[in-house]
Structures are given as C-alpha cells and as structure tokens.
Amino acid sequence: MLPNAAVYYFPWEINSSVAEGEALRTFGRLSCYDLARSKAVLTARHRAAQHQVCVDTSFVEPFQAQLGSLYMVLGEAEHREGEGPVVKARILTCVEGMNLPLLEQAIQEQRKYLQERQQHVETGMS
C-alpha cells in the first residue's frame, strides 16, 4: 500500500501538533545550512513574524546550498527533544523565482477543493 500524499503546510503552521511521521511539504528561504550536522533552516515571513522550519538534510546530501534562495521540501515530521519539529527531507529542491503569493493561493484553493470533496463523500454524494 502506498503512503498518503504529503500535505502542504505553510511554514507558520508547522509546530508540535503535526503528527510524528506525517508526510508534509513546505517551503522557505534557506537561511543557514550546516553540512557537518546535516541541518538546514528555512525561513518565511507571515504578517509581521519570521517563521523557521528546521530540516534534516541527511537523506538529500550532498546538495548545492544557495543561501537566500527559495526551497521546497518534501519529507516527514520528526519531533526531537529540545528542537521542536524537524522535517526529515526526502526531497529538497531550489525553486528560486517561484511566485510565492501564487503558491500560497494554490495551496488555499487545493485545501478548499479537498474539504468540499470530503464533505460530498461524507454526505453520500460523489
């Protein structure tokens, strides 16, 4: 049986409520990368706050880190003591030049569609 498709989370939504092992996708600007510790930090601004997502890069190394560039990550949520949630990356791709407002709008539209589809299934209408 195939695993569930990874759910898009905005960087500001990733917190301890994301289930351990849950497949997820997110994005952010690469603000730091430590090859020795296989750790990267993606950042994203939402309203007035700067949000960070820690990424374990051990499965995607070596990769050409471009600090300040926009990256998209696909992986699993992992909770580490003292660190909070970490995304264990399976894919880490530079997507510099992507239109972030359009990506955010697409994620919102996808969520709306999936929610409507789920409501139709629950009421017996396909």
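Student: Which residue has its charged end over the ring of Phe-59?

Tutor: Happy to start there. A charge sits over a ring if NZ of Lys or CZ of Arg is within 6 Å of the ring centre and within 35 degrees of the ring normal. This is a predicted model, where local features need pLDDT of at least 70, side-chain atom pairs count only at pLDDT 80 or more, and totals for chains, interfaces and linings use all residues. Here the charged end lies 4.6 Å from the ring centre, and it belongs to Lys-88.

Student: How many aromatic pairs are there?

Tutor: Rings of Phe, Tyr and Trp (its six-membered ring) pair if their centres lie within 6.5 Å. Side-chain values use heavy atoms, with hydrogens and water left out, and residues are numbered from 1 along each chain as its sequence is written. By the ring rule, the number of aromatic pairs is 4.

Student: Are the rings of Phe-10 and Trp-12 stacked or edge-to-face?

Tutor: Planes under 30 degrees apart count as stacked, over 60 as edge-to-face and the rest as tilted. The centres of Phe-10 and Trp-12 are 4.9 Å apart and their planes stand at 5°, so this pair is stacked.

Student: And what kind of pair do Phe-63 and Tyr-71 form?

Tutor: Their centres are 6.2 Å apart. With 75° between the planes, Phe-63 and Tyr-71 are edge-to-face.

Student: Is Tyr-71 buried or exposed?

Tutor: Buried means under 20% relative accessible area, exposed over 50%, and partly exposed in between (1.4 Å probe, protein chains only). Tyr-71 has 2% relative accessibility, so Tyr-71 counts as buried.
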